[in-house]
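Here is a friendly walk through one protein model, for reading alongside the sequence and the 3D view. Please keep both open as you go.

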Amino acid sequence: MKLKIGITCYPTVGGSGVIATELGKLLAEKGHEIHFISSSMPFRLNKVYSNIYYHEVQVNQYSVFQYPPYDLALASKMAEVAKREKLDLLHVHYAIPHAVCAYLAKKMTDDQLKIVTTLHGTDITVLGYDPSLNDMIRFGIEGSDVVTAVSESLVQQTYDLLQPKKAIQTVYNFIDERVYSKKDTQDLKTQYGISDDEKVVIHVSNFRKVKRVQDVVKSFHLIEKQVPSKLLLVGDGPEISVVCNLVKELGLKDKVLFLGKQENLEDLYSISDLMLLLSEKESFGLVLLEAMACGVPSVGTKIGGIPEVIDDGVTGYLSDVGDVEDIAKNAVTILDNAALHKEFAENAISRVKEHFSSQRIVEQYEDMYKQLIKHE
Ligand code: GMT
């Protein structure tokens, strides 16, 4: 059964946009017709596919509007595309505002349009605490036909925080293994001025406060005293200047490389020996999976979905949030023992294949869509 699927996500850089776009591309490769409906072209949609369409949401500026009504424009666009293209379903990423807009679009059409909502994290773990929004998030969840979340932890947090009367299933994130695998990029290490005997520690994020990038720098400060190493900081965001100052303060300027936003992350993972993700909130941690697929062991914090991604003592280690001594101890254990590093690297690759392969996860979504359409 070939389906016509509308997908809405935040199209800018971020794990949820990556997952939504990669899912659309892989579904298109399986013959489904995909219609992205969003405010700008999803950034990973970097190639022409004959069965992928992009519908841009345009918000008109009228002087009576103090704030341009993006959500209403999105709902109208969803309804317009659903009617014209005879969509079977809308798969929206993020409850707010996307699930609510999809609900409006369903009501504006013949009420047959199915809605699948995927919760990614901060729509629950941050917005869920906002009393002005939590009833609306619950409404979006309960108005969806199927709701998924990217980890067991996020499912549980959603129930604890919002008590929605709706079953929520875990569907884990995935990576495209054609992109994420270990590449031969040793010359890149030389280009960055990293010598052969130095280890490479990497952190990739959007430098929001929840990512605790300062803990990454503090841990690295302890690590590099014991193991000759360099830290690659990849990404950009609100905390970048605080992190820069800390690097200077700790005298690490020659050891920390600020790479900014990068594409082709697989090349950077391929020269890395260890990934650090030390967030205080993280529903999944897609960058961990990307690094693992390239054979990089990791140290992460014991929160949210991270323990579902890192197998503690098998593919890396888990430490408490903010416990930089323990983080550094765990990091040094991996970096200092070549046999253990090799074992963790191999385990990481196997774990991705076994639990988070694109084939497995895309099939899970596909089966869910088919069940939903069958029950019409
Ligand atoms: O991590 C972010 O700040 C970006 C955010 C997003 O919307 O892309 O990421 C969330 O969704 C990703 C994809 O499911 C998850 O891998 C991230 O863990 C999650 N971020 C948080 O929970 C903070």
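Which residues have the most contacts inside the largest nonpolar core? They are Met78, Leu90 and Ala331, in a core of 113 residues. A nonpolar core here is a set of buried Ala, Val, Leu, Ile, Met, Phe, Trp, Tyr and Cys residues joined through C-beta atoms within 7 Å. This is a predicted model, in which local features need pLDDT of at least 70 and side-chain atom pairs count only at pLDDT 80 or more, while totals for chains, interfaces and linings use all residues. Residues are numbered from 1 along each chain as its sequence is written.

**The core**
- Helix H3 (residues 95–108) gives the most to this core, with eight residues; helices (H or I, at least four residues) and strands (E, at least two) are DSSP runs, numbered from the N terminus.
- Domain 1 (4–174 + 357–374) and domain 2 (186–355) both contribute residues, so the core lies between them.
- Beyond its neighbours within four places in sequence, Leu90 is in contact with Gly6, Thr8, Met78, Ala82, Ala102, Ala105, Leu113 and Ile115; contact means that the C-beta atoms of two residues, placed from the backbone, lie within 7 Å.
- Val81 sits in helix H2 (residues 70–85), and it is buried because 22 other C-beta atoms lie within 10 Å.
- The scale behind that word is 20 or more other C-beta atoms within 10 Å of a residue's own for buried, 12 or fewer for exposed, and partly exposed in between, with C-beta atoms placed from the backbone.
- Leaving aside neighbours within four places in sequence, the contacts of Val81 are Gly6, His35, Ile37, His55 and Leu87.

**The two domains**
- The bounds of both domains come from an automatic or database domain assignment.
- The C-alpha centres of domain 1 and domain 2 are 31 Å apart.
- Their contact takes 16 residues from domain 1 and 13 residues from domain 2.
- On the side of domain 1 that touches domain 2, helix H1 (15–29) and helix H6 (152–162) each supply at least two residues.
- That side of domain 1 has six nonpolar, nine polar and one charged residues; Ala, Val, Leu, Ile, Met, Phe, Trp, Tyr, Cys and Pro count as nonpolar, Asp, Glu, Lys and Arg as charged, and the others, Gly among them, as polar.

**Around the ligand**
- Of the 20 residues around the ligand, Gly14, Gly15, Ser16, His120 and Gly121 come nearest; a residue is near a molecule if its C-beta atom, placed from the backbone, lies within 6 Å of it.
- H1 gives the largest share of this shell, four residues.
- The shell draws at least three residues from each of domain 1 and domain 2.
- By class, the shell holds five nonpolar, 12 polar and three charged residues.

**One side of helix H5**
- Ile137, Gly140 and Ile141 are buried in helix H5 (residues 134–142).
- These residues cover an arc of only 100 degrees around the axis, so they are on the same side of H5; the arc is that of the directions from the helix axis to the C-beta atoms.
- Among the elements covering them are H3, strand S5 (114–119) and H6.

**Backbone points to check**
- Most residues other than glycine have a negative phi, and most peptide bonds are trans.
- A cis peptide bond joins Ile96 and Pro97, with omega of about -5 degrees.
- Lys86, not a glycine, has a positive phi of about 55 degrees, and Lys86 lies in the loop between H2 and strand S4 (89–93).
- Gln163, also not a glycine, has a positive phi of about 40 degrees, and Gln163 counts as exposed because it has 10 C-beta neighbours inside 10 Å.
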